[in-house]
Amino acid sequence: MKNTQQAGQQAGIGIALALTTAMCWGALPIAMKQVLTTMEPYTVVWYRFLMAGIGLLLLAPRRQLPPLRLFFRWRWLILLAVATAGLLGNFVFFSTSLQYLNPTASQVIGQLSPVGMMLASVVILKERMRITQLIGGLLMFFNSSLREIFTRLTANTLGVIFGCCAAMVWVSYGVAQKVLLRRLASQQILLLLYILCTIALTLLQLTGGQLACLLFCGLNTLVGYSALAEAMASWQAAQVSAIITLTPLFTLIFSNLLALFWPAAFAPPPLNFVGYSGAVVVAAGAMCSAVGHRWWPGLNRRAPGAVIKPPGK
């Protein structure tokens with residue numbers, strides 16, 4: 001009796017979770033359709049993976065993080081690469097199809113994903129299946145557009161093509177995840193895939209030079225702000241501020257040097273002699289404002305009727 005109750009509870013939980021997934025996926029294309037009016041598909045997918053990865057990383061207990069030894073075995077690395085490519089391809093193709101199809105149509109085509117998964121199960125596990133009902137349903141759904149889809153390259157045709165691609169590449173993700181589940185928990189796999197997809201999507205949109213600049217920006221933030229914090233701890237704030245006011249001059253120098261050595265990638269500042277002089281004057285004026293009272297003590301004398309306020313007030 002107790003086992004029967006437990007089985008019933010587990011079935012109820014499974015149904016509730018499956019319905020939650022179905023409702024989330026059902027609402028997804030409607031929201032994405034609105035976002036895609038402003039953002040490119042790649043950008044939307046990047047944000048989806050980034051937010052999901054951060055959320056899962058914050059929610060997952062430390063003991064559930066993927067083990068590092070996984071990355072030292074070629075078999076599991078290949079499976080991770082296949083799963084990453086499949087999931088990333090599915091997201092990108094699906095987002096692109098939404099630019100040509102309405103949300104309902106895109107989700108109907110998406111039902112080819114479980115069909116492909118069943119076909120893969122037949123090949124691997126020798127299971128039996130029937131797909132005639134699903135194929136017939138797809139033909140009925142697109143009955144008014146069949147001639148257009150198969151005879152002309154219109155928006156609907158492109159949407160169907162991208163939707164079919166999304167469904168097919170999802171199968172590779174599903175099969176690879178099925179194998180990975182032998183060694184990893186589902187949350188560990190998802191965390192890895194979200195992070196890897198975010199990184200892959202970032203790299204795919206950048207050239208070699210842009211990637212180098214992106215890595216420099218990350219390193220620059222780490223070094224620059226760490227140095228600032230240490231400088232504030234070791235020196236007076238006024239002197240630190242005075243040095244920081246030289247930033248525009250460094251930008252000017254670096255811009256000219258880069259334009260000199262790599263003119264195809266970097267353009268020199270469009271400034272004449274007066275413009276360069278103005279940059280120097282601005283930096284010098286900011287420096288004087290920061291530490292001028294130390295260089296010219298007479299500036300601290302109280303003028304008639306003047307009220308001197310404490311710094312920061």
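So, how exposed is Tyr-100, buried or partly exposed? It's partly exposed, because its relative accessibility is 29%. Keep that residue in mind; we'll come back to it.

Hi everyone. A quick word before the tour: what you see above is a predicted model.

Let's start with the overall fold. The protein chain has 13 helices and zero strands, so if you walk along the sequence, you just read α again and again: α-α-α-α-α-α-α-α-α-α-α-α-α. There are 313 residues in the chain, and buried ones make up 26% of them.

Okay, on to the rings. How many aromatic pairs does the structure hold? Seven. One of them is Trp-46 with Tyr-47, an edge-to-face pair with 5.1 Å from centre to centre and 85° between the planes. Trp-46 is partly exposed, at 24% relative accessibility, and Tyr-47 is partly exposed too, with 37%.

Now back to Tyr-100, which pairs with Phe-162. Why do we call this pair stacked? Because the planes sit at 15°, and planes under 30 degrees apart count as stacked; the ring centres are 6.0 Å apart. What I like here is where the two partners come from. Tyr-100 is in the loop between helix H3 (74-97) and helix H4 (103-110), while Phe-162 belongs to helix H8 (residues 155-180), so the pair ties together parts that are 62 residues apart in sequence. Phe-162 is partly exposed, at 23% relative accessibility.

Phe-49, Phe-91 and Tyr-194 make up one aromatic cluster. And the charged end of Arg-75 sits over the ring of Trp-76, 5.1 Å from the ring centre.

Last stop, the largest pocket. Its volume is about 1,100 Å³, and 31 residues line it. Which of them lie nearest its centre? Those are Thr-21, Trp-25, Leu-28, Arg-48 and Phe-91. Several helices give two or more residues to the lining, including helix H2 (41-59), helix H5 (112-125) and helix H9 (186-204). H1 gives the most, with eight residues.

How values were computed
Residues are numbered from 1 along each chain as its sequence is written. This is a predicted model: local features need pLDDT of at least 70, side-chain atom pairs count only at pLDDT 80 or more; totals for chains, interfaces and linings use all residues. Side-chain values use heavy atoms; hydrogens and water are left out. Rings of Phe, Tyr and Trp (its six-membered ring) pair if their centres lie within 6.5 Å; planes under 30 degrees apart count as stacked, over 60 as edge-to-face and the rest as tilted. Buried means under 20% relative accessible area, exposed over 50%, partly exposed in between (1.4 Å probe, protein chains only). Helices (H or I, at least four residues) and strands (E, at least two) are DSSP runs, numbered from the N terminus. A charge sits over a ring if NZ of Lys or CZ of Arg is within 6 Å of the ring centre and within 35 degrees of the ring normal. On a 1 Å grid over the protein atoms alone, a cavity is a set of points where a 1.4 Å probe fits but cannot get out, and a pocket is an open set with protein on both sides within 12 Å along at least five of seven lines; lining residues have an atom within 4 Å of a point. Grid points are joined across faces, edges and corners, and a volume is the space filled by probe spheres set on the points.
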